[in-house]
Amino acid sequence: MHTGERPSDHQGAVVPPLFQNSTFVFDGWDEIDAAFDDRTNAYLYSRLGNPTVRLTEEKLADLAGGERARLFATGMGAISAAILSVLRHGDHVVAVQNVYGPTSNFLERYLASRMKVGVTFVPGSTVKDFDGAITDKTRLIYLESPSTAVFSLQDIEAVSSLARAKGIRTIIDNTWATPLFQKPLQLGIDLEVHSCSKYLGGHSDVLGGAVIGSREDLGRLSVEEVELLGGPMAPFSAWLLTRSLRTLPVRLRHIERSALDIAHFLEAHPAVESVRHPGLASHPQYELARRQMTGTTGLLAFTLATDDVHAIKRFVDSLHLFQLGVSWGGHESLVYAPVISALKEYAPARFAELGITPGVIRLSVGLEHPEDLIADLDRALRVLA
């Protein structure tokens with residue numbers, strides 16, 4: 001809450017001011033000349049650095065246990081910048097199978113055609129999955145734990161140890177757990193990426209992304225991917241994000257309890273075939289979750305006991321408190337059926353590998369009362385009877 005804040009610098013304002021300026025001025029030649037020699041720390045132009053953005057970056061780095069963070073306009077801006085900071089033409093990537101759809105497409109389509117980068121997707125449930133896919137051109141292992149749609153985990157410490165032994169860099173998408181509940185940098189990961197639009201923002205009013213890591217890695221990324229690709233977070237978005245970080249522990253503890261209540265309800269419901277949530281004892285990697293996470297959040301999935309698309313549509317359309325939307329991590333509860341867009345984001349062969357069937361439903365549990373959310377689900381599930 002207090003990292004980087006000095007109220008005495010701003011007339012005692014308890015809320016840090018918003019620096020909405022695009023450029024900065026200097027008293028003379030020598031001062032601006034020195035700023036050009038230290039572009040990662042000095043303030044020249046808000047594309048390169050801004051006091052409001054820098055404050056939020058300091059807070060995120062502190063929360064994650066990293067030395068430095070850089071904020072981007074979107075989550076994909078952060079993800080693509082982190083990946084590009086590691087890869088060169090002709091390199092090879094080993095990635096967990098169920099990564100975020102646009103990340104998969106960036107690796108498999110964009111980089112393959114533009115930079116001749118090869119990618120091998122693996123289930124990732126064991127270290128052997130990664131070890132067996134490594135080639136002499138492998139430069140990056142990309143993780144997402146828990147992973148998209150199926151919420152499978154990777155053993156972060158074991159994979160990062162394997163990568164370091166072979167001179168391979170590692171990146172993890174830690175959006176689901178947030179740096180509050182999982183600290184991959186302390187488990188040996190090189191770069192941690194986030195969509196700040198999810199729990200870190202938490203109010204469905206901010207687009208943003210973050211890359212967190214060492215001072216050396218982030219310094220290099222700042223003068224290359226940040227400065228040259230030009231996708232930094234705007235000051236007002238960073239100001240909103242600082243506001244949201246203040247309430248992150250309170251929000252996530254409520255969401256954690258509510259999501260577990262809902263997951264247990266769904267597990268016991270006859271219209272539900274299975275539930276995917278790492279906080280459930282029935283999750284096949286429950287012990288790993290307990291070992292590398294200190295809490296769980298509110299994004300989960302369950303499989304209806306039917307693949308009839310018409311029945312599934314009736315269920316989704318019967319929900320009232322759970323609104324239909326593609327994002328997650330906000331104050332509101334949302335429902336989504338991955339099959340709606342999966343074939344639009346993935347090639348048919350990749351879709352078949354992901355373990356997503358028409359009956360898979362994704363829930364993002366918000367801040368509503370859990371009893372009200374359970375009643376909403378119970379009412380909608382009756383249409384399947």
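**Chat about a predicted model**

Q: Is Gln11 buried or exposed?
A: Gln11 counts as exposed, at 78% relative accessibility. The labels work like this: buried is under 20% relative accessible area, exposed is over 50%, and partly exposed lies in between, using a 1.4 Å probe and protein chains only.

Q: Before we go on, what kind of model is this?
A: This is a predicted model, where local features need pLDDT of at least 70 and side-chain atom pairs count only at pLDDT 80 or more, while totals for chains, interfaces and linings use all residues. Residues are numbered from 1 along each chain as its sequence is written, and side-chain values use heavy atoms, with hydrogens and water left out.

Q: OK, back to Gln11. Where does it sit?
A: Gln11 lies in the segment before α1. Helices (H or I, at least four residues) and strands (E, at least two) are DSSP runs, numbered from the N terminus. Gln11 also has a positive phi of about 55°, although it is not a glycine.

Q: Which other residue has a positive phi without being glycine?
A: Phe151, with phi near 55°. Phe151 is in the loop between β4 and α6, and it is buried, with a relative accessible area of 1%.

Q: What else is in that loop?
A: Pro146 is found in the loop between β4 (138–144) and α6 (156–165). A cis peptide bond joins Ser145 to Pro146, with omega about -5°.

Q: How does β8 run against β9?
A: Antiparallel, with 4 bridges joining β8 to β9. One partner pair is Val275 and Phe302, the latter in β9.

Q: And β9 with β12, how many bridges?
A: β9 and β12 (residues 360–364) pair over 5 bridges, in the antiparallel sense. Leu300 stands opposite Leu363 in β12.

Q: How many residues of β9 are buried?
A: 6 of its 6 residues, and β9 covers residues 299–304.

Q: Which ones point which way?
A: Leu299, Ala301 and Thr303 point one way from β9, while Leu300, Phe302 and Leu304 point the other way; all are buried.

Q: Let's switch to charge. Which residues form the negative surface patch?
A: Asp30, Asp33, Asp37 and Asp38 form it. Patches are made of residues with over 30% relative accessible area and no salt bridge, with like charges joined within 9 Å and nonpolar side chains (Val, Leu, Ile, Met, Phe, Trp, Tyr) within 5 Å. A salt bridge is a side-chain nitrogen of Lys or Arg within 4 Å of a carboxyl oxygen of Asp or Glu.

Q: Where is Asp37, and is it buried or exposed?
A: Asp37 is in the loop between α1 (29–36) and α2 (51–64). Asp37 is exposed, with a relative accessible area of 67%.

Q: Last one: where is Glu108?
A: Glu108 is in helix α4 (residues 101–115), and it is partly exposed at 30% relative accessible area. The C-alpha atoms of Glu108 and Thr120 are separated by 8.8 Å, and these residues are 12 residues apart along the chain.

Methods. Accessible areas come from the Shrake-Rupley method with a 1.4 Å probe; for residues, only the protein chains shown count as cover. Lys and Arg count as positive and Asp and Glu as negative; His and the chain ends are not counted. The place of a charge is taken as NZ of Lys, CZ of Arg, CG of Asp or CD of Glu. Two strands pair if DSSP finds at least two bridges between them.
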